[in-house]
Amino acid sequence: MKTTKKEMFLFSGWDRSGLEEHLARMAEKGWLVEKITSYCLIYRKIEPKKLTFCVCYYPKASSFAPGPTEDQETFYEFCQHAGWVLAAEWAQLQMFYNERENPVPIETDPVMELETIHKTMKRSGLPAQMMLAALALVQGGLLISSFRRDPVEVLASSSHLVSGICWILLLVLTGTESIAYYRWRARAMKAAERGEFLPTKSRVGLQKVVLGIAGIALLYYILSVFTSGDRMMMTVMPLMFLWIGLLFVLVNAIRKGLKRKKVSTNVNRVMTIGSAFVLAYAMVGVIIFGVLYAGSHGWFAGDQGTYQYHGTVFTIYDDELPLTVEDLLDVGGADYTREWRDNASLLLAQYTARQRPRFDAADYINMPCLDYTVTLVKLPALYDMCKNALLAEYDGSDEYWRDRAYAPIDAALWGALEAYRVMDSEYGPWDIYLLCYPDRFIEFSPDWELTPEQMALVGEKLG
């Protein structure tokens with residue numbers, strides 16, 4: 001028979017009333033809270049009974065403290081004398097229950113109670129919300145900067161799409177929590193002047209919606225990685241998730257260990273936070289070094305072949321490409337590596353093909369190369385935006401490419417709606433093309449001058 005139960009903690013830190021009512025309902029169902037952590041409530045099985053709960057706040061308490069202070073011990077003795085039993089506590093949050101009918105309230109002065117809640121919020125809740133909101137704004141700003149620089153790449157990336165959704169959700173959650181608290185406090189101060197305590201109310205429904213959307217977005221990202229065929233990401237992502245979980249366990253163990261050794265609150269706080277930073281950066285460094293080492297030794301090649309050139313291991317990609325150098329030129333049995341990469345989201349998809357001669361080929365310097373990217377527009381409303389963004393890559397505005405810009409060419413040769421070629425004001429035309437079709441764009445870059453027959457084949461194979 002199940003004797004314990006865990007429940008995600010979705011209540012606002014200042015929601016005394018909502019938490020008391022919830023704990024009372026759980027007791028009537030036969031579950032008594034016995035422990036609270038930063039993310040969940042833990043219950044133990046009891047005989048169903050009607051209990052009265054009181055949630056109190058002690059601003060000076062801390063999760064890093066070695067134990068209750070002398071004032072806290074005195075407060076606990078006072079509560080116990082009135083029939084209040086301490087059920088669980090986490091930092092400033094203290095949960096009591098009472099089996100008596102109509103027990104004497106622990107808090108009797110609404111003004112003092114309101115001030116205690118505000119001191120607690122200023123000490124932990126509000127700073128944490130502000131830090132998370134600032135983080136969301138910074139990350140959102142970086143994402144917007146990336147979007148302005150290359151909107152097509154951002155919209156075609158499932159990781160960018162999911163991270164953008166998550167940062168928006170975090171900003172919504174922290175913003176609504178802070179606004180809700182100050183709105184409640186303004187009304188509560190007026191009620192306190194009348195000798196009344198204004199009940200609190202969490203937005204549990206909003207938190208469930210936010211967590212649900214974030215969970216779906218994360219699941220979508222995980223599925224996109226494991227269906228992409230990218231062996232490096234399929235290896236790195238589980239390692240990162242594993243490390244995040246392990247980091248949480250290790251840092252929590254350090255904090256608890258220091259508490260058991262009766263280390264002072266400030267020392268514990270500094271050592272715990274410091275260890276979190278050191279462990280986080282150290283492990284990320286290990287993962288990055290491991291990925292670079294594994295990549296240089298061909299560990300991500302999978303069933304692809306490898307070869308060595310000047311002491312470095314290279315992967316022999318043999319992906320199936322919709323268009324190859326052999327389709328356009330007579331190169332015989334030349335040694336090539338053919339790589340196909342896809343990057344897709346619900347809005348756009350980008351497929352990149354690279355055909356390169358192997359470095360150990362006899363005449364690899366003179367062998368022709370081929371690069372092209374197909375951008376598939378899944379949402380028609382994004383078509384014009386994508387075209388303008390792709391044309392802007394060579395529009396003469398960039399300081400480095402200021403002498404190069406796309407110029408229109410005959411689209412009929414490609415079977416396209418529109419076609420462009422990069423023109424250099426000093427050196428003339430470059431073999432870089434942008435082809436526009438009804439639902440896609442093709443950035444095509446051979447390293448030789450194309451014939452009309454080859455242009456028509458490009459349109460037939462890719463357009």
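Guide: One term comes before the rest. A salt bridge is a side-chain nitrogen of Lys or Arg within 4 Å of a carboxyl oxygen of Asp or Glu. Keep in mind that this is a predicted model.

Visitor: Which residues are linked with Arg16 in a network of salt bridges?
Guide: Start with one pair. Glu20 bridges to Arg16, with the closest N and O atoms 3.4 Å apart. The network of salt bridges joins Arg16 to two residues, Glu20 and Glu113.

Visitor: How far apart in helix 1 are Glu20 and Arg16?
Guide: Both members of this pair sit in helix 1. Glu20 is buried, because its relative accessible area is 14%. Arg16 is buried too, also with a relative accessible area of 14%. Their spacing is about one turn of the helix, or four residues.

Visitor: Which side chain of opposite charge is nearest to Asp15?
Guide: Asp15 is in the loop between strand 1 (4-8) and helix 1 (16-28). Asp15 is buried yet has no salt bridge. At 7.8 Å away, the nearest side chain of opposite charge is Arg16.

Visitor: Which residue's backbone nitrogen lies 3.4 Å from a polar atom of the Asp15 side chain?
Guide: Asp15 has no salt bridge. A polar contact needs N or O atoms within 3.5 Å. At 3.4 Å, the backbone nitrogen in question belongs to Lys201.

Visitor: How many residues apart in sequence are the parts tied together by Asp319 and Arg341?
Guide: Asp319 forms a salt bridge with Arg341, the closest N and O atoms being 4.0 Å apart. Asp319 lies in the loop between strand 8 and helix 9, and Arg341 in strand 9, so the pair ties together parts whose separation in sequence is 22 residues.

Visitor: Is Asp319 buried or exposed?
Guide: The cut-off for buried is under 20% relative accessible area. Asp319 has 19%, so Asp319 is buried.

Visitor: Which backbone nitrogen lies 2.9 Å from a polar atom of the Asp319 side chain?
Guide: Asp319 already has a salt bridge with Arg341. Its side chain also has a polar atom 2.9 Å from the backbone nitrogen of Trp340.

Visitor: How far apart are the closest N and O atoms of Arg356 and Asp371?
Guide: Arg356 is partly exposed, at 24% relative accessibility. Asp371 is buried, with a relative accessible area of 19%. These two form a salt bridge, and the closest N and O atoms are separated by 2.6 Å.

Visitor: Which strands does the pair of Arg356 and Asp371 link?
Guide: The two residues are 15 residues apart, and the pair links distant parts of the chain. Arg356 is in strand 10 and Asp371 is in strand 11.

Visitor: What area does the nonpolar surface patch with Tyr39 have?
Guide: Tyr39 is in the loop between strand 2 (31-36) and strand 3 (40-45). Tyr39, Phe248 and Val249 make the patch, with an area of about 310 Å².

Terms used: Residues numbered from 1 in each chain as written. Predicted model: local features only at pLDDT ≥ 70, side-chain atom pairs only at ≥ 80, totals over all residues. Heavy atoms only, no water. Patch = residues over 30% accessible without salt bridge, like charges linked within 9 Å, V, L, I, M, F, W, Y side chains within 5 Å. Areas by Shrake-Rupley, 256 points an atom, 1.4 Å probe, with all protein chains shown as cover. Buried < 20%, exposed > 50% of the residue type's maximum accessible area, 1.4 Å probe, protein only. Lys, Arg positive; Asp, Glu negative; His and termini not counted. Polar contact = N/O pair within 3.5 Å; in protein donor to acceptor, adjacent residues only side chain to side chain.
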